[in-house]
Amino acid sequence: MSNLRASSSKHGMLEPKPQRWLRGGGHGVGIGKKGGDLWRVRCEDWSCGIPPPQYPLSTKETINLFYSSINDTPLEQLEVHLDRVLTDDCEFNDLVFYIPFQGKEGVIKFFKQLKDAMGKNVKLITESITEGEGYSATVTWHLAWDGHRLPFTSGCYIFQCEKNGEKLFIKSIRGLEELPLKPGEYSMKLLKTAVSLFDQYPIPAERILEFLSKDGSGKQEEGLISMIFHLLSKDHQGWH
């Protein structure tokens, strides 16, 4: 407890400041006041048996809590920590996956799998957190192993938080990671081909786009290349 901040007390003893969290020994440790001059130690992860005080966090602080939970919490305790920062209907939409992870249970399951894959020495390092309007923020990050940056692991996420009472919760995360295979100029050629076909066959193109955008269609995995094959196939005949 020697590293806890304190201020002078009217009783001549050092009086800890309330609601200040300090990191030490892998746990967030804080000091809270309970009536009169009685002070009690609280632990952020409840390991000391005393729940932490509830106080409003900013969007940036909420996101930092999300990342610190993934980095610093043992796998078996991760669900409890993430449960405190996610809404029940939260959604994680990573564009390298075909279908978003929906609901708190699905999102937590994904990050537990990620935590397991990261092992003990890999951390999610936030490079910048830029707050926007309406409790939103953009985060750039990368993975590091034992302090060394891993190649092809940069990412950018857009967080949308929601206020419930005095607390902020993460409602949605949307983003994309760096891929080891770089399409480069081929992505431009593919886009040009697709747009040319859209212009040449506007009616089937519109119907395909509408079909792929329907919720529950099960066809979200259909990408740009698949759409080109649709337009080039005989299926478009009679759609003019």
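Where is the place of Gly 147? Gly 147 lies in the loop between strand 9 (136-145) and strand 10 (148-149), strands being DSSP runs of E with at least two residues and helices runs of H or I with at least four, numbered from the N terminus. The model is predicted, so that local features need pLDDT of at least 70 and side-chain atom pairs count only at pLDDT 80 or more, while totals for chains, interfaces and linings use all residues. Residues are numbered from 1 along each chain as its sequence is written, and side-chain values use heavy atoms, with hydrogens and water left out.

Gly 147 counts as exposed, at 71% relative accessibility; exposed denotes over 50% relative accessible area, buried under 20%, and partly exposed in between (1.4 Å probe, protein chains only). Its C-alpha is 9.4 Å from that of Ile 125, at a sequence separation of 22 residues.

Helix 1 (residues 59-72) comprises 14 residues and reaches 20 Å from its first C-alpha to its last, close to the 20 Å expected at 1.5 Å a residue; the expected span is 1.5 Å times one less than the number of residues. Helix 1 is largely enclosed by the rest of the structure, because ten of its 14 residues are buried. Among them are Ile 63, Leu 65, Phe 66, Tyr 67 and Ile 70. Thr 59, also in helix 1, is buried at 5% relative accessibility. Beyond residues up to four places away in sequence, Thr 59 touches Glu 131, Tyr 135, Ser 136, Ala 137, Cys 161 and Leu 168, contact meaning heavy atoms within 4.5 Å.

The axes of helix 1 and helix 3 (residues 103-118) come within 9 Å and cross at roughly 45°. This angle makes helix 1 oblique to helix 3 (under 35 degrees is roughly parallel, over 145 roughly antiparallel, 65 to 115 roughly perpendicular, and the rest oblique). In the contact, Phe 66, Ile 70, Asn 71 and Asp 72 of helix 1 meet Phe 111, Lys 115 and Met 118 of helix 3.

The structure holds 14 aromatic pairs, defined by ring centres within 6.5 Å for Phe, Tyr and Trp (its six-membered ring), with planes under 30 degrees apart stacked, over 60 edge-to-face and the rest tilted. Phe 101 and Phe 110 form a tilted pair, 4.8 Å centre to centre with 40° between the planes. Phe 101 is partly exposed at 22% relative accessible area, whereas Phe 110 is buried at 12%.

Definitions and conventions: Axes fitted to C-alpha atoms, helices over the stretch in contact; angles between N-to-C directions.
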